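Me: I would like to learn how to read a structure like this one, feature by feature. Could you take me through it?

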Amino acid sequence: MASARRYVEETLLNAELVKLLPKFLAPIIGGALSRCLNSHKIFFNSLIPATEQRILEKDMKSNGYQIPQRADCIQWIIETAPKQSPWSAERVIYELMAIWFGSTIVYVIHDLCLHPEYIEPIRRELEASYEDFERTGQGLPLLDSFIKESTRLTPVEFMSVRRQALQPFVLSDGTTVAVNEWACAPSGAINTCAEYYPYPETFSGFRFVDSTMLPNTQEYPTPTATQTNPSKLTDVDPSFLMWGTGRMACPGRYYASAFMKVVIAQLLMSYDFKLVNPGATRWISWRVAKIPKPWTKVALTARNGGP
Ligand code: HEM
């Protein structure tokens, strides 16, 4: 687990250093760094035996043997991999490592602690519709909006849509991009631009929900700001570039956002949580990254006598 945690930080560190280096030095220093920072290897090698065992069990099952019931992430990846050409243990772990890396959930947990008035309405939504969501992957508009608002104000990266010009390119304002030059979109700045978001600096957890769904009752925090058009976390739009844009927009976004909802929903249904030190800074900003500080502690208390 220590290597799994370190692997994300080490990969970000290595990537940022490589981006700063001159082109001819990048592969040399990048290669040397990834040999020294070896958490990814420990993470990978530790999971291979268990994954090989699962693949063996799958084959045994198809030959009629009784095998133990498994329900975890590795099993899920094996079962949803293409049926025609099943993945090797290595391929399954690469997938798992990519998913582990993609997690932006920690800021959502912080935001629930900082804006506890949203917890009860979201819990009511979960009580009413979580089973349907598990079955269909659809629904939970309040939780969807809360996560979107959290990622809008606390994106892990402030830059998106990185594109290298293959031919000379002129942007609509006259800026030219020469061949091999890079252009990117300042997604973090766009997220707090008043042109796109009323009260852009204000956290308004249900701003993306269709306002007709929020009847005028005391049961919901009065939205400080709402968007003219409702939208979903997975929507790709020039004003919300978390997933990039156009043909290259993240194809994993449906999975990633469903996964975030599962984790937050399970936590909300099973635990009360609070930030141990709500006033403390929660991230380290470096270049375009906003990395959660590992020492920001959240205290969890089981609800209803749970584990
Ligand atoms: C919170 C988690 C995630 C975020 C914020 C995210 C964000 C992004 C962004 C910004 C891009 C670049 C899009 C562009 O340049 O226009 C991208 C590309 C991509 N993402 Fe994700 N992603 C996440 C999770 C995932 C997951 C879980 C998967 C796979 C299971 C995935 C698979 C991909 C792939 C394959 C591409 C390349 C698409 C292409 O080049 O055509 N992503 N992602």
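Me: How many residues of the chain count as buried, as a percentage?

Reply: Buried means under 20% relative accessible area, exposed means over 50%, and partly exposed lies in between, with a 1.4 Å probe and protein chains only. Of the 307 residues in this chain, 36% are buried by that rule. Please keep in mind that this is a predicted model, in which local features need pLDDT of at least 70 and side-chain atom pairs count only at pLDDT 80 or more, while totals for chains, interfaces and linings use all residues. Residues are numbered from 1 along each chain as its sequence is written, and side-chain values use heavy atoms, with hydrogens and water left out.

Me: Which secondary structure elements does the chain have?

Reply: Helices (H or I, at least four residues) and strands (E, at least two) are read as DSSP runs and numbered from the N terminus. Here the chain has 10 helices and eight strands, and its C-alpha atoms fill a box of roughly 60 × 55 × 40 Å along the principal axes.

Me: What does the domain assignment of the chain give?

Reply: Domain bounds come from an automatic or database domain assignment. For this chain that assignment gives domain 1 (1–101) and domain 2 (103–271), and the centres of the two, taken over C-alpha atoms, are separated by 27 Å.

Me: Is Ala265 buried or exposed, and with which residues is Ala265 in contact?

Reply: Ala265 belongs to helix H10, which covers residues 253–270, and Ala265 counts as buried because its relative accessibility is 0%. A contact means heavy atoms within 4.5 Å; once neighbours within four places in sequence are left aside, Ala265 touches Leu126, Tyr130 and Leu143. Glu127 is 138 residues away from Ala265 along the chain, yet their C-alpha atoms are separated by 9.8 Å.

Me: Where does Gly246 lie, and where does Cys250 lie?

Reply: Gly246 is found in the loop between H9 and H10, and Cys250 also sits in the loop between helix H9 (187–191) and H10. Gly246 is exposed because its relative accessible area is 55%, whereas Cys250, at 26% relative accessibility, counts as partly exposed. From Gly246 to Tyr118, 128 residues apart in sequence, the C-alpha to C-alpha distance is 33 Å.

Me: What feature does UniProt place at Cys250?

Reply: UniProt positions are given in the numbering used here, with feature names shortened, and annotations may be inferred rather than shown by experiment. In this case an unreviewed UniProt entry places the feature "binding site" at Cys250.
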